[in-house]
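Colleague: I would like to learn how to read a few features of a protein model, one at a time. Could we start with how aromatic rings are paired?

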Amino acid sequence: FFFFNDTATTEIYTEQIVGSVRCVQETGINAEYMGNMIFDKLDNALKPTPFKYILDSVYGGRTCTQIICSGCGTAKNRIESFYNLSVEVRNMKTIYESFEKFISGEIISDYFCEKCDKKVDTTKRCCLSKLPNVLIIHLQSCLLYTSPSPRDRQKSRMPSSA
């Protein structure tokens with residue numbers, strides 16, 4: 001946010017980075033997908049070594065997805081690992097707004113609660129249960145350009161400050 005809001009730069013060209021990864025051939029590949037692919041390759045390469053837990057110890061975090069019954073208050077929790085958090089930045093003024101949207105819940109209707117033994121409204125939300133030592137944040141409105149050529153890329157801009 002600070003870099004894009006304080007400068008005239010609104011695009012990132014990553015031709016050299018993408019060119020160094022052999023398996024990336026298409027243009028406009030999603031930056032989050034590419035990051036996950038790189039972490040997956042590193043994770044697999046490190047498994048047979050004494051450093052097999054290094055990525056998790058540095059970049060590994062945990063989210064907890066909760067489904068909370070509005071009738072009885074019972075919560076179901078599902079823990080998931082992550083190496084990066086993907087937050088929406090479109091129409092957001094600060095990273096704090098992006099995180100607020102990330103953790104805010106949504107109402108789900110007609111969810112069957114086993115404890116209530118009927119369909120009820122529930123709240124589904126995502127919480128951060130363990131932050132990594134190094135937090136990588138993927139800003140969802142950015143596109144990863146593999147070519148600086150205007151005809152090879154789609155138009156996408158970071159939100160301007162209001």
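Modeller: The general idea is that rings of Phe, Tyr and Trp (its six-membered ring) pair if their centres lie within 6.5 Å, and that planes under 30 degrees apart count as stacked, over 60 as edge-to-face and the rest as tilted. In this structure, Phe39, Tyr59 and Tyr83 form one aromatic cluster. Before going further, please note that this is a predicted model, in which local features need pLDDT of at least 70 and side-chain atom pairs count only at pLDDT 80 or more, while totals for chains, interfaces and linings use all residues. Residues are numbered from 1 along each chain as its sequence is written, and side-chain values use heavy atoms, with hydrogens and water left out.

Colleague: How many aromatic pairs are there by this rule, and which parts of the chain does the pair of Phe39 and Tyr59 link?

Modeller: The count comes to 2 aromatic pairs. Phe39 and Tyr59 make an edge-to-face pair, with 5.2 Å from centre to centre and 70° between the planes. This pair links distant parts of the chain, since Phe39 is in helix H3 (residues 31-46) and Tyr59 in helix H4 (residues 54-59), 20 residues apart. Helices (H or I, at least four residues) and strands (E, at least two) are DSSP runs, numbered from the N terminus.

Colleague: Why is the pair of Phe39 and Tyr83 called stacked?

Modeller: The ring centres of Phe39 and Tyr83 are 4.7 Å apart and their planes stand at 20°, so the pair is stacked. Phe39 lies in helix H3 and Tyr83 in the loop between S2 and S3, so this pair ties together parts that are 44 residues apart in sequence.

Colleague: Is Phe39 buried or exposed?

Modeller: Buried means under 20% relative accessible area, exposed means over 50%, and partly exposed is in between (1.4 Å probe, protein chains only). Phe39 is buried, with a relative accessible area of 12%, whereas Tyr59 is partly exposed at 25%. For the chain as a whole, buried residues make up 29% of the 162 residues.

Colleague: Where is Thr122, and with which residues is Thr122 in contact?

Modeller: Thr122 has its place in strand S5 (residues 118-130), and Thr122 is buried, with a relative accessible area of 1%. Contact means heavy atoms within 4.5 Å. Leaving aside neighbours within four places in sequence, the contacts of Thr122 include Ile67, Ile68, Cys69, Ser70 and Tyr111.

Colleague: What should I look for in a pocket?

Modeller: Rolling a probe the size of a water molecule over the atoms shows where empty space is left. On a 1 Å grid over the protein atoms alone, a cavity is a set of points where a 1.4 Å probe fits but cannot get out, and a pocket is an open set with protein on both sides within 12 Å along at least five of seven lines; lining residues have an atom within 4 Å of a point. Here the second largest pocket is lined by 13 residues, of which Glu32, Asn84, Leu85, Ser86 and Phe102 lie nearest its centre. Strand S2 (75-82), strand S3 (84-87) and helix H5 (95-103) are the elements that give two or more residues to this lining, and S3 gives the most, with 4 residues.
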